[in-house]
Amino acid sequence: MLSTSSDVVDGVDDTAGAEIGAHDAPPDRRLGRVVFAVGVALSALLMFLGAWERRWIADDGLIVLRTVRNLLAGNGPVFNIGERVEANTSTLWTYLVYAAGRLTGIRLEYVVLGIALVLSTTAVVLAMFGAARLYRWRLRDAGGALLLLPAGVLVYIAVPPARDFATSGLETCLVICWIGLLWLLMMRWATPDPERARPLPGTAQILGTAFVAGLGPLVRPELALLAVLALLMLFLTPDLTWRVRAAMVAVAGGVPVGYQIWRMGYYGLPYPNTAVSKDAGGAKWSQGFEYLGNLVSPYLLWLPFLFLAVAAAAVLMTTRRRERPAGGPVPAARPWEVRGLDARTVVARAQRALRTPTAVVGFALVSGLALALYSMRVGGDFMHGRVLLPPMFCLLLPVAVLPLRLPERSRIGNDAPTRFAAGMAFLWLGTIVWSFFASNTTGMVEGAVVGRSGIVDERAFYALNTGHLHPIRAEDYLDYPRMRAMVGAIADNPNGGLLLPTPSFDTWDVVPPPEPIPPGGAGHTVFFLNLGMTSMNTSLQTRVVDQMGLAYPLASHTERLEDGRIGHDKILYPDWVVADTGMVDVHPWLPAYLDEDWVAMAQVALTCPQTQELLASSRADLTWGLFKRNLRNALDYADYRIERVPKYEIQRCDLEMPPPRN
């Protein structure tokens with residue numbers, strides 16, 4: 001059972017807020033509610049219109065839809081039929097799009113666009129409601145009207161990448177919406193309603209919050225950082241019985257743990273194949289700092305953070321609570337006030353300190369910093385600003401709105417409350433002015449060109465190269481170089497074959513299958529970097545693989561190129577694909593730039609027992625025995641690497657070198 005009569009928040013009895021709130025002047029409260037409602041509506045509208053103005057679906061967003069197409073066709077959650085590869089980083093995003101597509105029956109690109117607009121807009125609203133709960137509680141006993149003005153959310157909306165990736169077909173919209181929902185639920189968990197005589201949320205709401213927190217790893221794997229922090233705070237809630245704690249563990253862990261077991265047995269990996277492809281555990285700090293500067297510098301992003309940090313510090317310092325006198329409820333102890341107390345009292349006070357608005361603010365800030373450091377450690381991304389958007393959103397949560405306490409008319413003058421209100425208004429106006437200029441700033445002066453850093457304005461890049469201002473449908477990408485030629489090459493070679501891109505934008509090399517050709521052809525395999533546009537403009541029977549390995553285990557398990565472009569630092573030679581697909585391996589059917597000896601060595605290298613076991617984990621028929629073997633060896637499979645050069649791979653596996661053909 002939860003005991004609420006003696007719970008203390010920031011050193012003040014819970015019931016005090018309700019009593020004070022009940023005596024607020026109705027006109028003041030009504031004015032505050034109107035201003036907040038207008039701010040929420042305006043911010044939501046700005047987010048929606050900004051996302052709509054820059055609407056598009058990236059090539060990487062189309063990758064998700066290939067898996068959804070296979071799900072809808074009954075082929076399972078795979079990218080290519082017959083090969084169990086988890087090519088999408090966000091599990092929940094994949095199944096959310098699948099569910100919406102099945103329920104509505106409309107075109108998947110429009111399903112994604114609609115969901116993205118709703119989630120991005122909802123995220124802004126949730127962030128504002130959570131921050132409003134914080135300030136209404138902390139400033140509950142101050143006089144005058146409390147105006148909660150949109151601030152941090154406007155900073156987020158103003159940054160162009162935030163509007164670019166509000167749609168894009170990627171999971172960014174789901175990530176920030178989940179973060180916003182968890183923020184609101186955690187703030188509700190830590191504070192009673194300041195305007196109603198209600199205690200802290202009870203067991204049902206705690207379990208609901210735990211369930212939402214537990215979904216973090218399925219939204220995106222690194223969000224496990226936030227999930228663990230939130231669940232620890234909930235688990236240590238004072239006055240909870242062990243039965244409730246056990247229920248919390250079951251509720252939070254049921255879905256993610258169940259999926260993790262299934263993932264390891266089905267895919268043979270402990271995390272999505274994209275993490276293997278990009279070596280998400282590797283470190284590229286120098287590239288990470290360059291990526292951070294690529295986002296912060298063009299928009300002078302440090303300036304609004306400075307404004308908002310000063311404002312938040314001012315609110316914190318001017319509303320710090322004192323301990324209650326002896327005989328009153330025991331206040332939450334400060335860390336430096338525990339000397340002379342027994343261990344049980346120290347633990348109890350530490351637990352109570354966790355269930356405070358200040359602790360939840362700390363949770364948001366620590367989460368944002370942790371996500372930012374992780375993103376920088378792996379080198380950031382090749383898309384301008386994308387992976388730093390969730391950390392930025394976390395850091396802006398406590399200042400999503402700024403509180404402006406209007407002094408009573410009779411007390412307006414050269415006094416502390418008036419000066420404080422004027423200072424807060426100045427900081428808020430500075431944030432608004434910055435937002436106006438930042439929203440019209442071009443972040444990357446290179447435009448749609450990939451610079452030396454490897455970072456590019458992804459939306460501008462695809463808008464330029466497709467000729468469509470808003471590339472959304474798969475057909476829009478047929479105007480991307482080589483795409484129409486790819487479709488034509490498939491139609492011109494009904495017997496099947498391996499399609500390899502050439503330097504020319506209007507031709508593909510086609511390596512034919514060996515004869516005799518089976519009825520209906522031997523099938524087509526397309527080997528190209530851009531998986532989304534290729535896979536969504538071909539049938540599900542066409543196999544699409546890439547040299548980076550997002551959907552191709554053979555490539556994803558190669559060693560990372562230390563000096564490669566971030567996000568593209570694995571490159572599998574096409575000789576491997578010729579050997580893997582079993583196409584004709586001699587000239588003149590083999591393109592002139594491929595070496596028969598390299599293909600022959602790749603054929604031998606593929607016989608390496610460890611490589612065969614790895615490939616069987618995703619290609620062999622899924623029996624109960626294979627499921628158990630995958631589950632047992634998933635971590636080893638994730639760490640397994642092969643040499644890109646077939647000759648070196650033969651030496652690594654201690655195989656016999658084939659005789660030279662030339």
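**View A. Leu300 in the loop between helices H14 and H15.** Leu300 sits in the loop that links helix H14 (285-299) and helix H15 (302-318). The model is predicted. Leu300 is not a glycine, yet its phi is positive, about 50 degrees.

**View B. Asp654 in the segment after helix H28.** Helix H28 spans 646-652, and Asp654 lies in the segment after it. Asp654 has a positive phi of about 60 degrees, although this residue is not a glycine. Its relative accessibility is 68%. The cut-off for exposed is over 50%, so Asp654 counts as exposed.

**View C. An open sheet of four strands.** The strand order is S6-S5-S7-S8. Pairing in this sheet is mixed. Strand S6 (508-511) and strand S8 (543-545) form the edges, and each pairs on one side only. From one strand to the next, the twist averages 20 degrees. Strands of a sheet pair through backbone hydrogen bonds, in either a parallel or an antiparallel sense.

**View D. The pairing of S5 with S6.** Strand S5 covers residues 497-501 and pairs with S6 over four bridges. The sense is antiparallel. Leu498 stands opposite Val511 of S6.

**View E. The cis peptide bond at Pro516.** Pro516 belongs to the loop between S6 and strand S7 (524-527). The bond from Glu515 to Pro516 is cis. Its omega is near 5 degrees.

**View F. Packing of helix H24 against helix H25.** Helix H24 runs over residues 574-581, helix H25 over residues 596-605. They pack at an angle of about 60 degrees, and their axes are 8 Å apart. An angle from 65 to 115 degrees would count as roughly perpendicular; H24 and H25 are therefore oblique to each other. The crossing is right-handed. H24 contributes Asp575, Trp576, Val578 and Ala579 to the contact. H25 contributes Trp598, Val599, Ala602, Gln603 and Ala605. Of the residues in this contact, seven are nonpolar, one is polar and one is charged.

**View G. The cis peptide bond at Pro588.** The loop between H24 and H25 holds Pro588. His587 and Pro588 are joined by a cis peptide bond. Here omega is about 10 degrees.

How values were computed:
Residues numbered from 1 in each chain as written. Predicted model: local features only at pLDDT ≥ 70, side-chain atom pairs only at ≥ 80, totals over all residues. Heavy atoms only, no water. Axes fitted to C-alpha atoms, helices over the stretch in contact; angles between N-to-C directions. Helix = DSSP H or I, 4+ residues; strand = E, 2+ residues; numbered from the N terminus. Parallel < 35°, antiparallel > 145°, perpendicular 65-115°, else oblique. Left-handed = near helix turned anticlockwise from the far one by under 90°. Contact = heavy atoms within 4.5 Å. Nonpolar A, V, L, I, M, F, W, Y, C, P; charged D, E, K, R; others polar. Pairing = 2+ DSSP bridges. Buried < 20%, exposed > 50% of the residue type's maximum accessible area, 1.4 Å probe, protein only.
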